[in-house]
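Here are some notes to read alongside the model. Have the sequence and the 3D view open, and take the points in order.

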Amino acid sequence: MNFQAILDDIVATVKPQLGAQGQVASYIPALARVSPQQFGIALRTCDGLEAASGDFATPFSIQSMSKLFSLTMAMQHLGDALWQRIGREPSGNPFNSLVQLENEHGKPRNPFINAGAIAVADRLLSHGDGVGQLLELLSALCNEPVHLDPEVAQSEAETGFRNHALANFMKSFGKLDNPVAAVLDLYFHQCAIRMSCQQMARAAGYLCRDGRHPYRPGVAVVSASQARRVNALMLTCGTYDAAGEFAYRIGLPCKSGVGGGIVAVVPDQLTLCVWSPALDASGNSLLGMQALELFAARTGLSIF
Ligand code: DON
């Protein structure tokens with residue numbers, strides 16, 4: 001398959017629509033300034049073949065895509081013990097919703113909604129890991145140094161009222177072991193990590209390789225069954241209350257972020273990342289979703 005031609009064609013198709021629909025995340029002031037006139041796409045196959053088009057080298061705020069890698073770290077360290085604090089069911093609610101937490105005694109539905117990722121951050125802190133370890137993992141996975149934007153982290157800390165509410169609520173149920181301020185500090189910093197589409201397509205590569213490191217053959221990032229389970233969680237929970245729509249239209253495990261990135265996995269074949277900052281009502285990149293739909297239709301690559 002000529003992936004380069006397919007990606008170039010997707011860029012040509014979506015480019016005329018740039019800026020026409022959707023809105024950049026405005027509830028995080030530092031993200032509200034990002035131009036919606038950007039679109040990038042990149043992929044890397046299990047054999048290490050790469051293709052990329054558009055603004056594929058521009059770093060963007062990975063936001064909730066970081067939850068994929070914090071979950072990976074927590075699975076590495078804790079194995080099944082992680083699931084004592086966090087569920088594995090889709091929430092059917094927006095990513096920052098509070099409603100289920102009270103009835104469910106402070107146990108978040110899954111690790112990808114904000115409450116779940118905050119609970120994962122608490123587990124990582126108890127294990128002695130912080131954002132430094134996450135940056136090390138990401139840098140090794142994409143074979144290049146990865147950094148974060150302290151201004152975005154600060155912006156989120158100042159305006160993340162819902163995240164403060166979620167963390168305090170979980171703490172009131174005894175479901176966070178560390179101080180709320182420390183847990184949120186890790187969560188806000190992980191969301192402020194910046195990567196390009198190309199780096200993200202490379203970094204997620206272990207998810208299409210049964211857990212094997214994309215640049216260090218012989219090193220397992222997670223076990224094959226853990227990689228399969230991360231993919232299952234991405235499919236059912238990775239795009240929040242739009243997970244059903246993503247499965248219907250694209251049919252691939254995906255993880256989105258309000259920076260406008262979406263990473264998708266074609267098991268045993270490739271990982272793909274799209275980025276365009278304007279979002280739909282569920283907080284997923286509007287043109288990113290469209291591009292993934294075009295990719296699945298043109299290549300026939302889907303898990304179904
Ligand atoms: O906590 C927040 O609201 C953001 N830092 C991350 C949310 C996010 O990326 C949701 N994804 N689509």
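1. Start at the hairpin of S1 and S2, where 4 residues sit between the strands and Gly48 takes a positive phi near 90°. Strands here, like helices, are DSSP runs numbered from the N terminus: helices are H or I with at least four residues, strands are E with at least two. S1 covers residues 40-45, and its pairing with S2 is antiparallel, over 5 bridges. (Two strands pair if DSSP finds at least two bridges between them.) Within this pair, Leu43 is placed opposite Ala51 of S2.

2. A word on what you are looking at. This is a predicted model, in which local features need pLDDT of at least 70 and side-chain atom pairs count only at pLDDT 80 or more, while totals for chains, interfaces and linings use all residues. Residues are numbered from 1 along each chain, as its sequence is written. The mean pLDDT of the protein is 96, and 100% of its residues reach 70 or more; pLDDT is the predictor's confidence in each residue, from 0 to 100. For the complex, the predictor gives an ipTM of 0.98 and a pTM of 0.97.

3. Back to S2, residues 50-54: 4 of its 5 residues are buried, so the strand is largely enclosed by the rest of the structure. "Buried" means 20 or more other C-beta atoms within 10 Å of the residue's own, "exposed" 12 or fewer, and "partly exposed" anything in between, with C-beta atoms placed from the backbone.

4. There is also an open sheet of 3 strands, in the order S3-S5-S4, with antiparallel pairing. S3 (60-61) and S4 (147-148) are the edge strands; each has a single partner strand, so one side of each is left without a neighbour in the sheet. S3 pairs with S5 (residues 193-195) over 2 bridges, and Phe60 stands opposite Met195 in S5.

5. Now look at helix H7, residues 150-159. Its buried residues are Val152, Ala153, Ser155 and Glu156. Seen down the axis of H7, these fall within an arc of 160°, so they line one face of the helix. (The arc is that of the directions from the helix axis to the C-beta atoms.) Pro150, Glu151 and Glu158 are exposed, on the face turned away from the buried side. Among what covers the buried residues are helix H2 (29-32), S3, S4 and helix H9 (180-191); contact here means C-beta atoms, placed from the backbone, within 7 Å.

6. Which residues come nearest to the ligand? Of the 14 residues around it, they are Gln63, Ser64, Cys191, Val258 and Gly283. A residue is near if its C-beta atom, placed from the backbone, lies within 6 Å. The shell divides into 3 nonpolar, 10 polar and 1 charged.

7. His105 is in the loop between H4 and H5 (114-126) and is exposed, with 10 other C-beta atoms within 10 Å. Tyr240 is in the loop between H11 (224-237) and H12 (243-249) and counts as buried, with 24 C-beta neighbours inside 10 Å.

Terms used
Nonpolar A, V, L, I, M, F, W, Y, C, P; charged D, E, K, R; others polar. Contact = placed C-beta atoms within 7 Å.
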